[in-house]
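Subject: Structure handover

Hello,

Here is the structure you are taking over. My notes on what was found in it follow below.

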Amino acid sequence: MPNVCHIVSGDLWAGAEVVVRHLLGGLQAAGDVRLRAILLNEGRLAAEIRALGIRTHVLEERALSFPGILRRARHLLREDPPDILHAHRYKENALAFLLRGSSPRSKLVATQHGLPEIYPGMATVKNRAVSRANFLLMSRCFHSVVAVSHDIRWALLNRLGFRDATVRVIHNGIELPSSMPGKPEHGPFVVGSCGRLVPVKDYPLMVEIAKAVAAMEPRIRFHLAGDGPERARLEAMVAAGGIENTFALLGHCEEMARFYGSLSVYLCTSRHEGMPMSVLEAMSLGNPVVAPAVGGLREMVRNGENGILLRTRSPEDYARAILGLYRDAETRKRMSRAARWSVEREFSVDRMIRGHVDLYRELCRSR
């Protein structure tokens, strides 16, 4: 049975952290690997992993230097060296690589949850250098890299010099709700989205879409759940557009199932995505998706089947797609059923677990 140690930052509760929670929960339930986790921050992820009954060690990066974290992690792993060190971001990748120096039999695995959020005028020289160093480390020193979408795998192979044999696609998976709530026939028509309010999500486009929709159908509501550095800008845009009565910024939401269940359509406006958990969660509860044809979204949303993919970033094009679903209840119901079925068939947590267990066993055999 492979002995696997996951190394995660745990400083946020966002898409990558939700993936790790589903992954570790599924692996623990399957019982095919021995698990433990090292986190660099106390928080919700650490609490959830502990609740699963997994050995969890928190080495607070706010209290310890990186060399201090390394020393303590080496001490934790010395008595029971893992077969697999599985890291989830650049700091964790560096820590896993250095830990292998005292545990040379361990195999290194990294998950690439997305591509760097680098745009002109935003990224500093330091950020670019860190990103390059991280990809160099992964491509030269890691035994396997898990890409959560074929789009990310393509970028790793064709733009970043990774070897074909080391990069494997394992789609994110989620624990399916036991039942899909029926959508209200006569309640408000709500278009919703959720996530960190950061530039890569391009929520200003959502505000522009809401303005375009309001000009044609003022009864449609827009709800955005989440918080982040762009909140003040979005609030100002909503006020300037005169759509305070139709666009609500809800802030952080604990009851996400209730949020998704209140929607008629899920809207994604991201400039790039790996395999967004918010879209999977929305689809699992029967929400058709309107999204740009970028990144892993092209592997999740089948245009005309479980949602609508758009190749432009024109607010008017998105508005027309939303209005079409608003006016055609039968198409909306058909897409709702297809969205749920897509998650059951292709993005279940069981499928994700099988992919990881197979990978761990192959790496152990190769040792």
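To begin with the charged pairs: R233 forms a salt bridge with E230, and their closest N and O atoms are 3.3 Å apart. Please keep in mind throughout that this is a predicted model. Of the two partners, R233 is partly exposed, with a relative accessible area of 46%, whereas E230 counts as buried at 13%. There is also a network: R21, R44, E48, E175 and E254 are joined into one by salt bridges that share partners.

Two other pairs can be read in the same way. R219 and E217 meet through their side chains in a salt bridge, with 2.9 Å from N to O. Here R219 counts as exposed at 57% relative accessibility, while E217 is buried at 10%. R298 and D151 form a salt bridge as well, at 2.8 Å from N to O. R298 lies in helix 11 (residues 297-300) and D151 in helix 6 (residues 150-158), so this pair ties together parts that are 147 residues apart in sequence. R298 is partly exposed, with a relative accessible area of 42%, and D151 is buried, with 16%. Over the whole structure, the search finds 28 salt bridges.

Leaving aside neighbours within four places in sequence, L27 is in contact with H6, D32, V33, L35, I353, V357 and Y360.

V290 is found in strand 12 (residues 289-292) and counts as buried, at 0% relative accessibility. The C-alpha atoms of V290 and V130 are separated by 34 Å, the two residues being 160 apart along the chain.

Two helices deserve a look. In helix 2 (residues 44-51), L45, A46 and I49 are buried. Seen down the axis of helix 2, these buried residues fall within an arc of 100°, so they line one face of the helix. An α-helix has 3.6 residues a turn, so residues three or four places apart point the same way. What do the buried residues of helix 2 pack against? They pack against strand 1 (3-8), helix 1 (15-30), strand 2 (34-39) and strand 3 (55-58). G53 follows helix 2 and has a positive phi, near 85°.

Helix 10 (residues 277-284) is another matter: eight of its eight residues are buried, so it is largely enclosed by the rest of the structure. Just after helix 10, G286 takes a positive phi of about 80°.

Last, the surface. F66, F97 and L98 form a nonpolar patch there, with about 230 Å² of accessible area together. F97 lies in helix 4 (residues 90-99) and counts as partly exposed, at 36% relative accessibility.

Regards

Technical notes
Residues numbered from 1 in each chain as written. Predicted model: local features only at pLDDT ≥ 70, side-chain atom pairs only at ≥ 80, totals over all residues. Heavy atoms only, no water. Buried < 20%, exposed > 50% of the residue type's maximum accessible area, 1.4 Å probe, protein only. Helix = DSSP H or I, 4+ residues; strand = E, 2+ residues; numbered from the N terminus. Arc of directions from axis to C-beta. Contact = heavy atoms within 4.5 Å. Patch = residues over 30% accessible without salt bridge, like charges linked within 9 Å, V, L, I, M, F, W, Y side chains within 5 Å. Areas by Shrake-Rupley, 256 points an atom, 1.4 Å probe, with all protein chains shown as cover. Salt bridge = Lys/Arg side-chain N within 4 Å of Asp/Glu carboxyl O.
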